[in-house]
Amino acid sequence: MFGKLREKLKKFTKTVEEKIEEEEKVLEKKAPEEKKGFIEKLLQVEIKDKDVEDALDELELELLEADVALETVEALREKIKEKLVGRKVRIGTNKEKIIEDALREAILEILTPERRIDLIETIKSKEEKPFIIVFVGFNGSGKTTTIAKLAHWLKKNGLSVVIAASDTFRAGAIEQVEEHARRVGVKVIKHSYGADPAAVAYDAIQHAKARGIDVVLIDTAGRNELNRNLMDEMRKIVRVTEPDLVIFVGDSLAGNSVVEQAKQFNGAVKIDGVVLTKLDADARGGAALSISHAIGAPILFVGVGQGYDDLKPFDERWFVERIFGEA
Ligand SMILES: Nc1nc2c(ncn2[C@@H]2O[C@H](COP(=O)(O)OP(=O)(O)OP(=O)(O)O)[C@@H](O)[C@H]2O)c(=O)[nH]1
Ligand SMILES: [Mg+2]
């Protein structure tokens, strides 16, 4: 996971480390002969703008290559500078650690959402059942699989679930969601193909109300901003169901374009949270680093495989460990 990002950040660390070492050598040379030894240990170099600028220029290009969105790259650059420039480093201290810590902190800050959502807590605190979640996103991003995984996870957390088969558009979509639901032991409310997706969702909500079911998960057809009708239809689903959350499901392998998709969907219906799928196959990590920062909504879960247990609540520390750890 994220090998490319790891490689770029290591390279940055090495370059800055070398610059600081050059400054150290200059400083050591300046120290009078008799003071060498004891005093030398107290000498410190200050990290200067020029020590990091070139390395940052290079890092900036490389992060763009790793699919990090431009505005995220710029925000990251500012944060890294803020943490390193002007910092005093005593001779002989571990510079690699100082630089790496600055990178970790900068990345953590970028990943820390403005709002956090504890899903179980939020669901349980809703006074009137059911809690309604609509899933939206491009074709094949992983919506239906994510819904099955989430249904499985919610059940494990003691909550009851019903799924609305509101993708009445793509051939095979209803059978697909039914099969997933059967495997995870959840009921599906469906109509036939071509039916109004909002009406299917409405029925699922009525079903949940009548039976005291905790959560309704609404599966919708894949779409993009060029499908005007489908985008209007999505707005209608949201209008009719008045969901507690609209979740954008994005494919991390789509890299920078998944960030653009998220912005477009966020413009059409307000996105409350993100699930980023296929992280298990993502060598770059740019989408994960950028998406929350780009739309101001938190990443709630990440998909890390095709099994029903392969959905992880997102934790920015986990992400940073994946980048800086060895695996
Ligand atoms: N490796 C991996 N594959 C995933 C993950 N999530 C989904 N997939 C796969 O991605 C493919 C598409 O998943 P779906 O759930 O059908 O995607 P969708 O968004 O519902 O697709 P449409 O309904 O056609 O728009 C399937 O083969 C899934 O098994 C993940 O986290 N990791
Ligand atoms: Mg689907």
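Pro130 sits in the loop that runs between α5 (119–125) and β3. The model examined here is a predicted one. The peptide bond leading from Lys129 into Pro130 is cis, and its omega is near -5 degrees. Asp67 is placed in the loop between α2 and α3 (70–84).

Ligand 1 is surrounded by 20 residues, and the closest are Lys143, Thr144, Thr145, Asp280 and Gln306. Helix α6 (residues 143–156) provides the largest share of this shell, namely four residues.

| Residue | Protein atom | Distance to an oxygen atom of ligand 1 |
|---|---|---|
| Lys143 | N or O atom in the side chain | 2.7 Å |
| Thr144 | polar side-chain atom | 2.8 Å |
| Gly303 | polar backbone atom | 3.3 Å |

How much of the area that ligand 1 exposes when taken alone does the protein bury? Taken alone, ligand 1 exposes 660 Å², and the protein buries 82% of that.

Rolling a probe the size of a water molecule over the atoms shows where empty space is left. In this model, a search of the whole structure finds one cavity of 30 Å³ or more. The volume of the largest cavity is about 30 Å³. Its lining is formed by Lys8, Lys11, Phe12, Thr15, Ala55, Glu58, Leu59 and Glu62. Helices α1 (3–30) and α2 (49–65) each contribute at least two residues to the lining of the largest cavity. Four of the lining residues are charged, three are nonpolar and one is polar.

**Aromatic pairs**

A pair of aromatic rings is described by the distance of the centres and the angle of the planes. Across the whole structure, a search finds four aromatic pairs. In one of them, the ring centres of Phe138 and Phe265 are 6.2 Å apart and the planes stand at 55 degrees, so the pair is tilted. Which parts of the chain does this pair link? Phe138 lies in the loop between β3 (131–136) and α6, whereas Phe265 belongs to helix α10 (residues 256–268). The two residues are 127 residues apart, and their pair thus links distant parts of the chain.

How values were computed:
Residues numbered from 1 in each chain as written. Chains lettered and ligands numbered in written order. Predicted model: local features only at pLDDT ≥ 70, side-chain atom pairs only at ≥ 80, totals over all residues. Heavy atoms only, no water. Near = heavy atom within 4 Å. Polar contact = N/O pair within 3.5 Å; in protein donor to acceptor, adjacent residues only side chain to side chain. Areas by Shrake-Rupley, 256 points an atom, 1.4 Å probe, with all protein chains shown as cover. 1 Å grid on protein atoms, 1.4 Å probe; cavity = no way out; pocket = protein on both sides within 12 Å on 5 of 7 lines; lining within 4 Å. Points joined across faces, edges and corners; volume = space filled by probe spheres on them. Nonpolar A, V, L, I, M, F, W, Y, C, P; charged D, E, K, R; others polar. Phe/Tyr/Trp six-rings, centres within 6.5 Å; stacked < 30°, edge-to-face > 60°.
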